Amino acid sequence: MTLMPCAEFEDRILDLVEHQLAVGERPAVEAHLEVCADCGEFARELTALDAALTRELDAPVLPADFDARLWRRIEAESAPRPAADCVERKRQIEAEFAAQLRSLRAPAHWLPAILDGAAYAVLAVVAGLLLMRWAPELAALLPKSLPAGGRDWLLAGGSTGVFLLVGVGAAFRRQLGQAMGWR
Ligand SMILES: [Zn+2]
C-alpha cells in the first residue's frame with residue numbers, strides 16, 4: 001500500500017470496507033472517498049484484500065496428496081482388527097475366566113463351612129458316645145416301676161431328642177445365635 005489515507009479517515013475507511021461502520025457515519029466517509037484520491041485508492045486496495053482473504057478462508061488450499069492420505073486414514077480406521085488383537089483379547093478372556101474359577105475353588109470358600117459342619121458332627125458323636133457310655137446308669141435312674149421296654153423307649157427317645165437338638169442347632173445356628181444374642 002503506497003498511498004497514505006487521511007489520518008482522520010483511516011479507521012473509518014477500514015470499518016466501511018469491513019461493513020462495521022455505523023450507518024450514520026457512512027455518508028461522510030463515502031463523500032470523502034469521492035473527492036480524495038489517496039483515500040479512494042486506500043479503500044479499493046482494502047476491498048480487494050478483503051475479497052482475497054475471504055476467498056482464501058472459504059476455500060483453504062490443501063496439500064496435493066490430501067485426498068489420498070484421507071482415504072488411507074479412513075481405510076485404516078474401518079479395516080477389521082488384525083488377528084493379533086483377537087488372539088490377545090481371547091487370551092485376556094481366558095485369563096479372567098481361569099481367575100474366577102480359581103477363586104470359586106479356593107479353600108477359603110468351603111473350609112469354614114466344612115469346619116462348621118465338622119464341629120456339629122463331633123458334637124453329635126460325643127453326645128452319642130456319652131449316651132452309650134451312660135446308658136446303663138441312665139436306665140438305672142429311671143423309675144423301676146417302668147417296664148424294661150419302656151425304659152429302652154425313653155432312652156431311645158432321649159437320645160433322639162439330643163441328636164434332634166444338635167441337628168436343629170446346626171441347621172438354624174445363625175438364627176439361634178442372633179436370637180440368643182451370640183452374634
Ligand atoms: Zn482522504
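Residue numbers start at 1 in each chain and follow the sequence as written. Since the model is predicted, local features need pLDDT of at least 70 and side-chain atom pairs count only at pLDDT 80 or more, while totals for chains, interfaces and linings use all residues.

**View 1. Helix α1 meets helix α2.** Here we look at α1 (residues 7-17) and α2 (residues 26-35), whose axes come within 10 Å and cross at roughly 105°. That makes α1 roughly perpendicular to α2 (the label covers angles of 65 to 115 degrees). On the α1 side you'll find Phe9, Arg12, Ile13 and Leu16, and they meet Arg26, Val29 and His32 of α2. Contact here takes C-beta atoms, placed from the backbone, within 7 Å. Sorted by type, the residues of this contact are four nonpolar, one polar and two charged.

**View 2. Asp50 in helix α3.** Asp50 sits in α3, which covers residues 37-58. Asp50 counts as partly exposed because it has 14 C-beta neighbours inside 10 Å (20 or more would be buried, 12 or fewer exposed, and partly exposed is in between). Leaving out residues up to four places away in sequence, Asp50 touches Val17 and Glu18. Val17 is 33 residues from Asp50 along the chain, yet their C-alpha atoms are separated by 7.8 Å.

**View 3. Helix α4, hardly covered.** The 13 residues of α4 (residues 66-78) reach 18 Å from first C-alpha to last, close to the 18 Å expected at 1.5 Å a residue. How many of its 13 residues are buried? The count is zero.

Terms used
Helix = DSSP H or I, 4+ residues; strand = E, 2+ residues; numbered from the N terminus. Expected span 1.5 Å × (residues − 1). Contact = placed C-beta atoms within 7 Å. Axes fitted to C-alpha atoms, helices over the stretch in contact; angles between N-to-C directions. Parallel < 35°, antiparallel > 145°, perpendicular 65-115°, else oblique. Nonpolar A, V, L, I, M, F, W, Y, C, P; charged D, E, K, R; others polar.
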